[in-house]
Amino acid sequence: MSKKINKNWITLLILALAGGLVYKIPYLKYSYYDALVKALNVSNTELGVLVSSFGMASMVCYFPGGWIADRFSPKALLSFSFISMGILGLIYSTFPPYNVVLLIHIAYGMIICLTYWSVAIKAVRLLSSGGDLGKMFGFWEGGKQISGLIISYSALAVFAQFNEAKLGISTIIVIYSCVLISVGIALLFLLKNIKQSEKTAISIKDVFTIITDPKAWLLGLMIFSAYHFHIGLNLVTPYLTKVFGLSTALASGISMFVLYAVGFLGAASAGIFVDKVGSTLKVVRYMLFVAIASLVAYILVPANSSLLFVVIGLWAIAQYANFSIRGVYFSSLDEINISPEKTGIFIGFASFIGFIPDTFLHIVNGKILDKFPGAMGFKINFAYMLVMVVICLLVVSVLYKKAKSIKAKA
């Protein structure tokens, strides 16, 4: 049993290291916002359209991706995902016309959600031995952050060598693409320990049961509202450059540390906490209170250069809460009594609802920044995030009551 558990953790490590690469290219704006605007020669709104197109394609593919996850080999699907994303990245690195870049973002959304997202989450759940589900999800999310940290700092070191933003960004995309292709090939040989006995034929009745299940909608709404917090926090990078005057390289470096190092601590510690407390939803509620406090502070703290370190400190606290929530919310599947064989299709539907913000929030953020230059635009975005986090707290409270009711009946 111990040997099997060790093998499961090794497999989880491989999934985490690979998962740190997946969103690097479609979400380049998170770390290289200003440089990407210059390289693509686009406005804030047009950049938002690119990322939102990725989100729209993702939304359409989440549900069928869940069905695919319940039917096909995780190893084959994950390898295909990485190799195809790497090839698309090599095309992107040449900075083709805007419409082609738009199509590449759409293709990324389709590939990730059809052959990666639900597949990876189901794989993590199947690797759990039972009492370590929280840690499995927490360390998977945390491991992705460490992987992302190493790769991103390496890329930033390369970017700093170029005086021209366009050439620097192009080189980074090439590096990411080559690593993606290499990982995709390596997974074919390394990823052997995910059992596939859980595959099942999902019937139309099963699909109907899931889409009429209040728990699926509540989980989706929890992700939907929490995802506003996650996306919005990435506005802090341009907040530091445009309002506080930091250089792009310095702001990106701080962004990567806060995003990945603090992200790892948040996700990993939340996973441990979940297994000790015995409730994912209870831990998520605690972290939502931290999120609310950090956003209130962001709105109230003046945009004064003397308060730069306060702003960065608040960012770290907010990201800790963010990744604590993201790291474990799918470990609530056991708590709300979702059977393992329906994991893929359930995640697919909840993700379809939950990640809708990817289809519009980037555009909304961009339009607000274009219409309200300076600190005001950022603070309006922070206020909107605060409203969504409060909604998330209400949704999680309802879902927690349902979970307690299910436990009582059991």
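## Burial and salt bridges in a predicted chain

Biologist: How much of the chain is buried?
Modeller: Buried residues, meaning those under 20% relative accessible area with a 1.4 Å probe and protein chains only (exposed is over 50%, partly exposed in between), make up 59% of the 410 residues in the chain. This is a predicted model, in which local features need pLDDT of at least 70 and side-chain atom pairs count only at pLDDT 80 or more, while totals for chains, interfaces and linings use all residues. Residues are numbered from 1 along each chain as its sequence is written, and side-chain values use heavy atoms, leaving out hydrogens and water.

Biologist: How many salt bridges are there?
Modeller: There are four salt bridges, counting a side-chain nitrogen of Lys or Arg within 4 Å of a carboxyl oxygen of Asp or Glu.

Biologist: Which residue does D275 pair with, and where do the two lie?
Modeller: D275 forms a salt bridge with K135 at 3.2 Å, N to O, and the pair links distant parts of the chain, since D275 is in helix 12 (residues 248-277) and K135 in helix 7 (residues 133-159), 140 residues apart. Helices here are DSSP runs of H or I with at least four residues, numbered from the N terminus.

Biologist: And K144 with E141, are they buried or exposed?
Modeller: K144 counts as buried because its relative accessibility is 7%, and E141 likewise counts as buried, at 4%. Their side chains meet in a salt bridge at 3.2 Å, N to O, and both lie in helix 7, three residues apart, about one turn of the helix.

Biologist: What about K215?
Modeller: K215 meets D213 in a salt bridge at 3.1 Å, N to O; K215 is buried, with a relative accessible area of 16%, and D213 is buried at 15%.
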